[in-house]
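Visitor: I would like to go through this model and hear the grounds for each label put on it. Please show it first.

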Amino acid sequence: MKNLKKILTLLTLVASFSAMALLGFGDNNASKNKNKVAKDCEVPAFAKAIGHKDQWLLHNGCPPEKKANKDKGAESKDAK
């Protein structure tokens, strides 16, 4: 009888985890990253100060900045 309870408990756990995986329950981060707005992807000053702007964007699920924006910034610094 004890073995039967253990087997049923194990089967219930396996079935519930399988259902969660198939139906996508518990995968809340995927939907959060899709709905990022510019305000959510604003890099904080400390990340800019230590030169980790790209790493911060990557870690927080934001798209990386385009190279064109970086090139424009470099040109404006050179012009001064």
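Visitor: What makes the contact of Lys-53 and Glu-65 a salt bridge?

Guide: This is a predicted model, and the values that follow are computed from it. The side chains of Lys-53 and Glu-65 approach to 3.2 Å, N to O. The cut-off is a Lys or Arg side-chain nitrogen within 4 Å of an Asp or Glu carboxyl oxygen, so the pair qualifies. Searching the whole structure gives 1 salt bridge.

Visitor: Which parts does the pair of Lys-53 and Glu-65 tie together?

Guide: Lys-53 belongs to helix α4, while Glu-65 sits in the loop between α4 and α5, so the pair ties together parts 12 residues apart in sequence.

Visitor: Where in the chain are Cys-41 and Cys-62?

Guide: Cys-41 is in the loop between α2 (28-34) and α3 (45-49), and Cys-62 is in the loop between α4 (53-59) and α5 (67-79). The two are 21 residues apart, and the pair links distant parts of the chain.

Visitor: Why is Cys-41 called buried? And what of Cys-62?

Guide: The limit for buried is under 20% relative accessible area. Cys-41 has 17%, so the label holds. Cys-62 has 6%, so the label holds there too. In the chain, buried residues make up 8% of the 80 residues.

Visitor: Why is Val-37 called partly exposed, and what is Ala-38 called?

Guide: Val-37 has 46% relative accessibility, which falls between 20% and 50%, so partly exposed is the label. Ala-38 has 69%; that is over 50%, so Ala-38 counts as exposed.

Visitor: How many helices and strands does the chain have?

Guide: There are 5 helices and 0 strands. Along the sequence the pattern reads α-α-α-α-α.

Visitor: What makes the span of α1 close to the expected one?

Guide: α1 runs over residues 2-23 and has 22 residues. From first C-alpha to last, α1 reaches 32 Å, and the expected value at 1.5 Å a residue is 32 Å. Just after α1, Gly-24 takes a positive phi of about 85°.

Visitor: Why is α1 called hardly covered?

Guide: The count of buried residues among the 22 residues of α1 is 0, so none of them falls under the 20% limit. Leu-11, which is found in α1, has a relative accessible area of 54%; that is over 50%, so Leu-11 is exposed.

Visitor: Which residues make the nonpolar surface patch?

Guide: Met-1, Leu-4, Ile-7, Leu-8 and Leu-11 make a patch of about 560 Å². The chain exposes about 7300 Å², and carbon and sulfur atoms supply 61% of it.

Visitor: What does UniProt place at residues 1-21?

Guide: The UniProt entry, which is unreviewed, places the feature "signal peptide" there. In the model, residues 1-21 are 95% helix and 0% strand, and the end C-alpha atoms of the span lie 30 Å apart.

Definitions and conventions
Residues numbered from 1 in each chain as written. Predicted model: local features only at pLDDT ≥ 70, side-chain atom pairs only at ≥ 80, totals over all residues. Heavy atoms only, no water. Helix = DSSP H or I, 4+ residues; strand = E, 2+ residues; numbered from the N terminus. Buried < 20%, exposed > 50% of the residue type's maximum accessible area, 1.4 Å probe, protein only. UniProt positions renumbered as here; feature names shortened; annotations may be inferred. Patch = residues over 30% accessible without salt bridge, like charges linked within 9 Å, V, L, I, M, F, W, Y side chains within 5 Å. Areas by Shrake-Rupley, 256 points an atom, 1.4 Å probe, with all protein chains shown as cover. Expected span 1.5 Å × (residues − 1).
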